[in-house]
Amino acid sequence: MRQMFSLFTFLCSLFSFHFLLVCLFQGADLKCSYSADFGTPRVEWKFKDLQGSQVFVVFDNNPTGKLMPWIVWPTGCLRSCASQCAGINDCWSHRFLHAVLLCAGQTGERCLGVTVLSLVSSENYKNRVQLYKDGLMLKQVTRRDTGEYFCEVSSGSIYGSAVINLTVEVPPSVPICGVPSSVTTGSYVVLTCHDPDGSPPSTYKWFKDEALLPENPNMFQDFKNFSYILNPKEGTLAFPSVTKADTGRYYCMASNGIGPVQSCAAQMMAVRDVNVGAIVGGVLVALLLVLLLGLGLWFAFQKGYLSSEFSRYLHSALSCMHEYVDIC
C-alpha cells in the first residue's frame, strides 16, 4: 500500500505540466523528483524544440551527443512487452529497439502501434548537462534551448514521466520588415515583419505615417474606411484590395515583454493606378514589330534569298495568317 501511495504521488507530480522561465546564458534547473521506491531507476530526458524536432538529452542515465532514436509506445505496450520479454528493462536496454519490435510481433495489436521516429542528430549535451537525483541542470542556455523537456523514469514495472516547458528569455532584435515600394490599385498586398531572436516570440504592431494601426479597424471611427487584415502574432499586414488611400510610410514594432521594444525603419509604399496607356502602347509596338518582321521575310522571299523548302513553309504560314485575318 505504501508503495502504491508513493507511486501515485510520483505520477501526480510528474504528469503535471511545469513552466520555467530562465534568462539568456543562465542555468536552467529542470526538476524531476521520484520516491525511494524506484530504487536506482533508469532516467531519460528528451527535448522537443519549437519546430517540433525531437532529440535525447539524456539516454540511459548519460548525456547524449550522437544520433539516437525516439520511440513512442501506445498505452499498454510497455506492460505487455514486459510480460513477453525478459523484463521491462530489456525494452529500455541499448538493444531496446529490437526488443520492442520483437514484443510487437509476439503480443498482438497492443504493441503493433509502436512508433519509431526518424533518427535525429542530438546537440552535444555532455559538456552542458549535469544530471542529479531529482533533476537536470542545463548550463548556459540560449534561445535554441526553448521548448518542451520530457523526463521519463522507469524501474522494473514502474514508469512515470514529466513535462517541463522551458522558455529562455531573450529580448527582441530589430525586426526585418518587407514593404513593397510600389503596388497597383486593386492588387493583393502583404507587408511582413519578423523578429528572429525574441523569446518568447514577439508580437507585432504596424504604423502608417506614425499612426498606430488598430488590429480591428472597424471598431474605430478614424479607421472605418480602411480595409486591411493585421495579424499581431505573425507580423503580417495584408491589403486584400489596395487603394490609393493606402499610400504611406509603414513600419513595424516588435515586443515580447523582455527588454526594450524594437522597430524597423519606415518605408514608403506608393499605390498607383494601372497605366492603361502604357499597356496599349506596348501592344501596338509589339504588333508593329511583327508586321516589320513579316514584311522583311516577304521581301527576302520575293528576292529569292530564302531556300525553296523554307519558302514553301513561309508561304503556308502566310496563307494561314491571311485566312485568320479574313475570319477576324
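**Disulfides and a nonpolar surface patch**

Cys 177 is buried, its relative accessible area being 16%, where buried stands for under 20% relative accessible area, exposed for over 50% and partly exposed for what lies in between, with a 1.4 Å probe and protein chains only. The model described here is predicted, so that local features need pLDDT of at least 70 and side-chain atom pairs count only at pLDDT 80 or more, while totals for chains, interfaces and linings use all residues. Residues are numbered from 1 along each chain as its sequence is written, and side-chain values use heavy atoms, with hydrogens and water left out.

A disulfide is a covalent bond between the sulfur atoms of two cysteines. Taken here as a pair of cysteine sulfur atoms within 2.5 Å, disulfides come to a count of three. In one of them, Cys 177 is joined to Cys 264, with the sulfur atoms 2.0 Å apart, and the link is left-handed, with -95° about the S-S bond. This pair connects distant parts of the chain, 87 residues apart, as Cys 177 is in strand 12 (residues 176-178) and Cys 264 in the loop between strand 20 (262-263) and strand 21 (267-272); helices (H or I, at least four residues) and strands (E, at least two) are DSSP runs, numbered from the N terminus. Cys 264 is likewise buried, with a relative accessible area of 9%.

The sulfur atoms of Cys 32 and Cys 151 are 1.9 Å apart and form a disulfide, which is left-handed at -75° about the S-S bond. Because Cys 32 lies in the loop between strand 2 (28-31) and strand 3 (42-49), and Cys 151 in strand 10 (residues 147-155), this pair ties together parts that are 119 residues apart in sequence. Both Cys 32 and Cys 151 are buried.

Cys 193 and Cys 252 also form a disulfide, with 2.1 Å between their sulfur atoms, and their link is left-handed, with -80° about the S-S bond. Here too distant parts of the chain are linked, Cys 193 being in strand 14 (residues 189-194) and Cys 252 in strand 19 (residues 248-255), 59 residues apart. Cys 193 and Cys 252 are both buried, whereas Cys 23 counts as partly exposed because its relative accessibility is 44%.

Turning to the surface, Leu 291 lies in helix 6 (residues 276-302) and counts as exposed because its relative accessibility is 52%. Together with Val 285, Leu 288, Leu 289, Leu 292 and Leu 295, Leu 291 makes a nonpolar surface patch of about 590 Å². Patches are made of residues with over 30% relative accessible area and no salt bridge, like charges being joined within 9 Å and nonpolar side chains (Val, Leu, Ile, Met, Phe, Trp, Tyr) within 5 Å. A salt bridge is a side-chain nitrogen of Lys or Arg within 4 Å of a carboxyl oxygen of Asp or Glu, and accessible areas come from the Shrake-Rupley method with a 1.4 Å probe, only the protein chains shown counting as cover for residues.
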